[in-house]
Amino acid sequence: MTLDDAGVIERAVRQVRERRAGEARAEQVARALPAAQPLPARRRTDHPRPCRPEPVPQGRSRWPYLSNILSALLGAGLMYAALEAVRSSPGRSVTIVAAERAAVSRRPVAPLERTGEAIASVPAPDLDSEARNAVENWRSAWSGRDIERYLASYSEDFVPPNGGSRDAWAEARRKNFARRSDIAVDVRGLTVDAESDDRLKVYFQQDYASGAYRETGQWKTLVLQREDGAWLIVSETQTGPGQSSGN
């Protein structure tokens, strides 16, 4: 509290005390005067008359009325003095507002969650469905031994896992399809990771069966790239999420 604030409060208290002393004196004067006689009962009539203030009869004391008026005026004066004390001290109001703002600024702020990376890795609904459709087209072509549709699922830039040429890999796949009488491929637990709007990584577990040969739960990762509006495979490895191609 500053010296100016103390002076304002002291003046307000002094004014309140003076007005209370005046009110006490008025009450003492009123008690010393003779009590007012009760007003005579009004005669009821069938026809109401307009309300008029009745004159005070001769000899009746006017002090009770004056005492009530003085009490009301003193009460209003006390309220006015309190309001004037607040208005006359703008520095105090500024101090209070500044203190409230400082308290708000000192409140601890929860750190923002780092969601940028998570949002970037989650594909939009249309990209997710397009990736799943591309994988299903690849899977059904393989299970149906449709070699042309199967090879069409791969980009011309596809690099085989063994590092050879795409043409040599495609020829080996044709021979593999030809000697298989039946092929069944199932995909489980497929997830899509968006590297960009035109490049997606797809992880899943693959179940493969042909004749007496069975392969269950083999992790596989396909990298899909958008080319001329179609999603084509540019990379294929037997790895799962968080695994390198050397595993």
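Tutor: Arg-199 and Glu-195 form a salt bridge, with their closest N and O atoms 3.2 Å apart. A salt bridge is a side-chain nitrogen of Lys or Arg within 4 Å of a carboxyl oxygen of Asp or Glu. This is a predicted model: local features need pLDDT of at least 70, side-chain atom pairs count only at pLDDT 80 or more, and totals for chains, interfaces and linings use all residues. Residues are numbered from 1 along each chain as its sequence is written, and side-chain values use heavy atoms, leaving out hydrogens and water.

Student: Is Arg-199 buried, partly exposed or exposed?

Tutor: Buried means under 20% relative accessible area, exposed over 50%, and partly exposed in between (1.4 Å probe, protein chains only). Arg-199 has 30% relative accessibility, so the residue counts as partly exposed.

Student: Which Lys forms a salt bridge with Glu-195?

Tutor: Glu-195 is itself partly exposed, at 42% relative accessibility. In its bridge with this Lys, the closest N and O atoms are 3.8 Å apart. The partner is Lys-201.

Student: Which strands does the salt bridge between Lys-220 and Glu-236 tie together?

Tutor: The closest N and O atoms of Lys-220 and Glu-236 are 2.9 Å apart. The two residues sit 16 residues apart in sequence, so their bridge ties together strand S3 (residues 213-227) and strand S4 (residues 230-237). Strands (E, at least two residues) and helices (H or I, at least four) are DSSP runs, numbered from the N terminus. Lys-220 lies in S3 and Glu-236 in S4.

Student: Are Lys-220 and Glu-236 buried or exposed?

Tutor: Lys-220 has 4% relative accessibility. Glu-236 has a relative accessible area of 10%. Lys-220 counts as buried, and Glu-236 is also buried.

Student: Which residues do salt bridges with shared partners join into one network?

Tutor: A search of the whole structure finds ten salt bridges. Some share partners, and the network they make joins Glu-130, Asp-198 and Arg-226.

Student: What is the volume of the largest pocket?

Tutor: On a 1 Å grid over the protein atoms alone, a cavity is a set of points where a 1.4 Å probe fits but cannot get out, while a pocket is an open set with protein on both sides within 12 Å along at least five of seven lines; lining residues have an atom within 4 Å of a point. Grid points are joined across faces, edges and corners, and a volume is the space filled by probe spheres set on the points. For the largest pocket that gives about 380 Å³.

Student: Which element supplies the largest share of the lining of the largest pocket?

Tutor: The lining has 17 residues, and Lys-220 and Glu-236 are among those nearest the centre. Helix H7 (166-178), strand S2 (199-210), S3 and S4 each supply at least two residues. The largest share is four residues, and it comes from H7.

Student: Where is Asp-228, and is the residue buried or exposed?

Tutor: Asp-228 lies in the loop between S3 and S4. Its phi is near 55 degrees, a positive value in a residue other than glycine. At 85% relative accessibility, Asp-228 counts as exposed.

Student: Which loop holds Arg-145?

Tutor: Phi of Arg-145 is near 55 degrees, positive in a residue other than glycine. At 34% relative accessibility, Arg-145 is partly exposed. Arg-145 is found in the loop between H5 and helix H6 (147-151).
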